[in-house]
Amino acid sequence: MGARILNALFVTAVLLGLWQALVTLADLPPFILPGPVRVAQALWNNAGLIGWHALVTFSEVLAGLVLGSLLGIVTALQLATSGLARRLIRPALVLTQALPVFALAPILTLWLGYGLWSKVLMAVLIIYFPVTSAFFDGLMQTPRGYLDLAQTMQATPRQRLWRIRVPAALPGLASGLRLAAVYAPIGAVIGEWVGASNGLGYLMLLANGRAKIDLMFAALVVLACLTLTLHVLVSRACDRLTARMV
Amino acid sequence: MSAPAIRVSGQAEIGGATLFGPLDLTLEPGGWTCLLGPSGVGKSTILRLIAGLDTGARFTGQITADGGPLPPSHLAYMAQDDLLLPWRSVLGNVMLGAELRGQKAERARAEKLLSDVGLAAHSGKRPAALSGGQRQRVALARTLMEDRPVVLLDEPFSALDARTRADMQDLAFGLLAGRSVLLVTHDPAEAARLGHRIFVLESHGLAQMPTPPGAPLRAVDDPALLTAQAQLLQHLRGKA
């Protein structure tokens, strides 16, 4: 673990060095690409402002992640247990993927307003399919031997689902959730770009418009940290979930 | 619980091609019937037909227990893969059947069976912490937990090393006494050691083989057993 943190620190330091070198050597003006020191200063000077907008984005992402995952889990269970659901829902599910979520953002803002919910819904839409499809695939790939055994034991369909198929599909669900953790912020930020009065996406647009490129980068760095943190937390939870499956 | 005589009569085809021709197989009631044969000849299909499992083959004929239908609640199944659920403890795996039926598992009996197979000290562990032989013993305890008069064994010992396999044969034979057991195997030595009745399934039909002298479980160093297993092997090779 210590070695991993050291590695991450080393890579970060190298990247920051390259960044500064690029700025210095190419003699880029700060309104095109500010150096890391300048961005750090902007971050420090605007900590309260960025913190507030980060909190807004974080709430949107978290709500989207929870709702989208629950929705995906329920859908996958429905699909896995009912042939009718598979025939009816599955084509619709694929169709939703044919629509770029980005294109829906203005409509969602129109319907749900500038507040939290249009962003939450964007995040939900963007993670719903990966979660559903990863969990559903897991549910449909229960090792045949387990199902044979359950059949000779005269398992009830309910017990077979909850005691065999679902536990066997948890690694699949975990990979869906890991993806969702990095996708959800994308959804929320797109929502904020299209129409918002709060959030890191909004702050970046605002800063860009006022040529405060260092502030824009500071918001971007915070967004990246937020996504990374979320990814690590969800990965940890998933590892704990699947450690029992080995 | 009386151990019924299971009879399979009929034929099976797979994708229009004959898997096995008309055959008539009656299992030893309350004893071990060993079914030998080359791979892909349909041994496991017969076992799975009795178990009521998917085979992918079309079977025409009938399967009866003492002349009547065989209720699914009369059989237990054990395969080459131990099929232990990795997320359950050893004890949890032994108690799986009752839970899958939505009943309350008898914990004391499960613990007793685990100690019968020599794994009392491992009941809280996960299957991944056990050796292959130990895992098959857990699977045996799970099979016994079902307490069924008919037990279907699909090559359960074939992945074990020679010594573990002989130990497992001893253990299973003792613990499954009084039940009608069908053992599908490709090992002539195993069939000669355990069988009250021994059959060889080949593409052209089913042949009942002479059983070695003496009642099973036969001693591994019995010269008559060694002769019998050699004869079985010759028969399998088409040289008898």
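This passage describes two sheets of chain B, its contact with chain A, and a helix pair of chain A. The model is predicted: local features need pLDDT of at least 70, side-chain atom pairs count only at pLDDT 80 or more, and totals for chains, interfaces and linings use all residues. Residues are numbered from 1 along each chain as its sequence is written, while chains are lettered from A and ligands numbered from 1 in the order in which they are written.

Chain B holds an open sheet of three strands, ordered S2-S1-S4 and paired antiparallel. Helices (H or I, at least four residues) and strands (E, at least two) are DSSP runs, numbered from the N terminus. Strands pair if DSSP finds at least two bridges between them. S2 (17-26) and S4 (58-65) of chain B stand at the edges with a single partner strand each, so one side of each has no neighbour in the sheet. On average, neighbouring strands of this sheet are turned by 5° against each other, direction ignored. Axes are lines fitted to C-alpha atoms, for helices over the stretch in contact; angles run from 0 to 180 degrees between N-to-C directions. S1 (residues 6-14) and S4 of chain B are joined by eight bridges. B:Gln11 lies opposite B:Thr60 in S4(B). Helix H1 (residues 43-51) of chain B packs on the sheet and touches S1, S2 and S4 of chain B. The direction of H1 makes about 120° with that of S1(B). Contact here requires C-beta atoms, placed from the backbone, within 7 Å.

A second open sheet of chain B has six strands in the order S5-S6-S7-S3-S8-S9, with mixed pairing. Its neighbouring strands are turned by 20° on average, direction ignored. S3 (residues 32-36) and S7 (residues 180-184) of chain B pair in the parallel sense over four bridges. B:Leu35 stands opposite B:Val184 in S7(B).

Between the chains, 21 residues of chain B contact 18 residues of chain A. H3(B) gives the largest share of the chain B side, four residues. That side comprises 14 nonpolar, three polar and four charged residues. Ala, Val, Leu, Ile, Met, Phe, Trp, Tyr, Cys and Pro count as nonpolar, Asp, Glu, Lys and Arg as charged, and the others, Gly among them, as polar.

In chain A, helices H9 (residues 200-209) and H10 (residues 213-243) pack at about 160°, with axes 8 Å apart. H9(A) and H10(A) are therefore roughly antiparallel (over 145 degrees; under 35 is roughly parallel, 65 to 115 roughly perpendicular, the rest oblique). Their contact residues divide into 10 nonpolar, one polar and no charged.
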